[in-house]
Amino acid sequence: MKLLEERIRKDGEVLDGDVLKINSFLNHQVDPELMMQVGTEFKRLFENEKITKVLTCEASGIAPGIMAAYQLGVPMVFARKKKPSTLNDAVYWADVFSYTKKVNNKICVEKKFLSSDDHLLIIDDFLAHGEAIKGMLNIAKQADASVAGVGVVVAKEFQGGSDWVKEHGYRLEALARIVNFENNQVHFVGEK
C-alpha cells in the first residue's frame, strides 16, 4: 500500500536500530481515514475466504482489526492482555513475549466468542518476531477454529516472523513490508 509506505516514511521513526515508531497514525494516535483504507485493502485481499470473524490483540491491533471486520461485515474479537474481573474462567489463554516491551503477557479470549464454526482472519499492527501472531494462532487452535490467513499492517521481514508464518502454512498479507532499517532509514521490499 503506497499510501501507508508514504506515511511510514513521513511520520515513522526508527529507534534502537530495529524498532519502528508509528504512533502518530497507528500505535497511539489513530488516523481513521488511513485505517479505513487498511480495512478496505484487507477486505480486497481476503473477501473470498468466507471469514466469520476477525481476531486481533489489544491494543494496537484493534484499529486495523475493526476496520477489516467492518469492511468484511463480520465481528471482531480481540485478545485481552489481562483478564478483567467480569470474565469467568471459560477463556482460551496463550503466552506472548513482547520484544518491544521486554515482558511476557498472557492473552485471553472468552470461549463463547470463538468456536470450531469460525473461519478467522488474524489481523495485527506489526509482525516482527511473530510472538503475538503465534499467540493468536494458539488461541484459534484451542477453539478448533480454522484460520483463513494473517494480515498485518507492517511486516519487518528481517526479524523472522514473516518466514515463520509462511513456513507453518498460513497465508500472510502485509500491507507494508520492510526489508531493513539501514542507516536508520526505512527500506521496503522491492524498492530500488
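pLDDT is the predictor's confidence in each residue, on a scale from 0 to 100. Colour the chain by it to start: the average is 93, and 96% of the residues score at least 70. Among the elements of the chain, β5 has the lowest mean pLDDT (89), while α3 has the highest (98).

Some ground rules before we go on. This is a predicted model, in which local features need pLDDT of at least 70 and side-chain atom pairs count only at pLDDT 80 or more, while totals for chains, interfaces and linings use all residues. Residues are numbered from 1 along each chain as its sequence is written, and side-chain values use heavy atoms, with hydrogens and water left out. Element names follow DSSP runs, numbered from the N terminus: helices are H or I with at least four residues, strands are E with at least two.

**Stop 1: the open sheet.** Select β4, β3, β7, β8, β9 and β10. These six strands form an open sheet in the order β4-β3-β7-β8-β9-β10, with mixed pairing; two strands pair if DSSP finds at least two bridges between them. β4 (76–79) and β10 (187–188) are the edge strands, each with a single partner, so one side of each has no neighbour in the sheet. Now pick out β3 (residues 53–57) and β7 (residues 119–127), which pair in the parallel sense over three bridges. K53 stands opposite L120 in β7.

**Stop 2: helices on the sheet.** Touching here means contact, that is, heavy atoms within 4.5 Å. Then show α4 (residues 131–142), lying across β3, β4, β7 and β8 and running at about 165 degrees to β7. Axes are lines fitted to C-alpha atoms, for helices over the stretch in contact, and angles run from 0 to 180 degrees between N-to-C directions.

**Stop 3: two crossing helices.** Select α2 (residues 32–46) and α3 (residues 62–72): their axes come within 7 Å and cross at roughly 55 degrees. To see the contact, show side chains including M35, F42 and F46 of α2 and M67, Y70 and L72 of α3.

**Stop 4: the hairpin.** Finish with β5 (residues 91–98) and β6 (residues 103–110), an antiparallel pair with eight bridges. A94 stands opposite I107 in β6. Four residues lie between the two strands of this hairpin, and K102 in the turn has a positive phi of about 55 degrees.
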